[in-house]
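Dear colleague,

I am passing on a structure that may be new to you, and below it I have set out what was found. Please read the notes with the model open beside them.

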Amino acid sequence: MTKLVMITGASAGLGEQLAYAFAHRQMRLLLIGRNRQRLERVARKAAKLTTAGVAILVADLAVDNGAPVWRQCVAKCGLPDILVNNAALPGFGAINGVPVAKMQQVLQLNTVVPITLSQLFIQAHYRDQRSSYLINLASAGAELALPYAAIHSASKAALLGFARSSRFELRTTRIHLMTVLPSLLATGHFQQQTVPYLRANQLIIKAMTASQLVPAKVAKKIVSATLQGQQILRLPMAYQWFAAFTRLAPNISRKIVALPYRTR
Ligand SMILES: NC(=O)c1ccc[n+]([C@@H]2O[C@H](COP(=O)([O-])OP(=O)(O)OC[C@H]3O[C@@H](n4cnc5c(N)ncnc54)[C@H](OP(=O)(O)O)[C@@H]3O)[C@@H](O)[C@H]2O)c1
């Protein structure tokens, strides 16, 4: 049976590429975002890749933590078999410089919204006999001590905690929860969010620019890892090794991670 995939933040960046990657697998799509024009453009392109149908829902997930969006999605297309909690705001910047309202906005969209939607998804699928898939987009910043990323890291670490704890309860269900921890993605945030905090060294900036992951490739990996029932996906491969090293030697890891940044 054709699977229905609900993707939040599908109008741009990784969410857009996830739409194409799932469409390529002949899945039915429900794409969510606030920008109608961009969503319609993504839907048109995705519709050329799948015969299963593509719908959009123009909505702000920040309203009541996404619960009304979930209800509208279910009413419009039925219960999704796959939910991708991808929408997020960048939460970078020195702690002293991030206004409280901005911090709350980030924590709401990056943490409270995906956890609310995850809970609604789990409640809806708890007793199902067939498999369903819940994918939460966290970040390498959830487990690495990234300078000038305290709000971002806090918002994403919560998703990791949610996954680790809920694994116990999900063991007896057919719900597969996967948390994705990518490093830098080439979705256009690097210049504004990261470069201001790097040392003024062209080699560092060039190396970090080159290290950005290609969203289309990341999206394909997410889709295949999802269908394999993987629980955690760290990207790129080198980060998987570095994450293991971080668990063994957190202080050395912290110093390595901070090297490219302006720190006192
Ligand atoms: N970029 C990176 O380097 C990086 C690294 C690690 C992890 N990640 C994570 O990967 C995911 C995708 O990142 P990205 O860089 O592709 O993000 P992006 O390009 O900024 O796209 C964010 C998406 O979220 C949607 N969105 C934002 N606020 C919304 C709201 N209130 N309601 C509904 N939709 C909303 C945006 O669409 P509208 O404007 O149309 O609403 C857009 O489609 C995020 O979870 C991010 O934290 C990113």
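Helices (H or I, at least four residues) and strands (E, at least two) are taken here as DSSP runs, numbered from the N terminus. The model is predicted, so to speak of local features a pLDDT of at least 70 is needed and side-chain atom pairs count only at pLDDT 80 or more, whereas totals for chains, interfaces and linings use all residues. Residues are numbered from 1 along each chain as its sequence is written, and side-chain values use heavy atoms, with hydrogens and water left out.

**Aromatic pairs**

Rings of Phe, Tyr and Trp (for Trp, its six-membered ring) are called a pair if their centres lie within 6.5 Å, and planes under 30 degrees apart count as stacked, over 60 as edge-to-face and the rest as tilted. The structure holds three such aromatic pairs. One of them is formed by Tyr 148 and Tyr 197, which are stacked, with 4.7 Å from centre to centre and 25° between the planes. This pair links distant parts of the chain, 49 residues apart, since Tyr 148 is in the loop between strand S5 (132-137) and helix H5 (150-170), and Tyr 197 is in the loop between helix H6 (190-193) and helix H7 (202-210). For accessibility, buried means under 20% relative accessible area, exposed over 50%, and partly exposed in between (1.4 Å probe, protein chains only). By that scale Tyr 148 is partly exposed at 30%, and Tyr 197 is partly exposed at 22%.

Phe 242 and Phe 245 also pair, and because their ring centres are 5.8 Å apart with the planes at 40°, this pair is tilted. The two residues are three apart in helix H9 (residues 237-248), so about one helical turn separates Phe 242 from Phe 245. Phe 242 is partly exposed, with a relative accessible area of 22%, and Phe 245 is partly exposed at 29%.

**Cysteines**

The structure holds zero disulfides.

**The ligand**

A polar side-chain atom of Arg 34 lies 2.6 Å from an oxygen atom of the ligand, a backbone N or O atom of Asn 86 lies 2.7 Å from a ligand oxygen, and a side-chain N or O atom of Thr 187 is 2.5 Å from an oxygen atom of the ligand. Taken alone, the ligand exposes 890 Å², of which the protein buries 90%, the areas coming from the Shrake-Rupley method with a 1.4 Å probe.

**Single residues**

Asp 81 lies in the loop between helix H3 (67-77) and strand S4 (82-85), where Asp 81 is buried at 3%, and its side chain makes a polar contact with the side chain of Arg 130 (3.1 Å). Thr 173, in the loop between H5 and strand S6 (175-182), is buried at 11%, and a polar atom of its side chain lies 2.8 Å from the backbone oxygen of Leu 170. In contrast, Gln 192, found in helix H6, is exposed at 63%.

**Backbone features**

A cis peptide bond, with omega about 0°, joins Leu 235 and Pro 236, and Pro 236 is in the loop between strand S7 (232-235) and H9. Asp 64 is not a glycine, yet has a positive phi of about 50°; Asp 64 is found in the loop between strand S3 (54-58) and H3 and is exposed at 52%. Tyr 148, from the stacked pair, likewise has a positive phi, near 55°.

Key: Disulfide = S-S within 2.5 Å. Polar contact = N/O pair within 3.5 Å; in protein donor to acceptor, adjacent residues only side chain to side chain.
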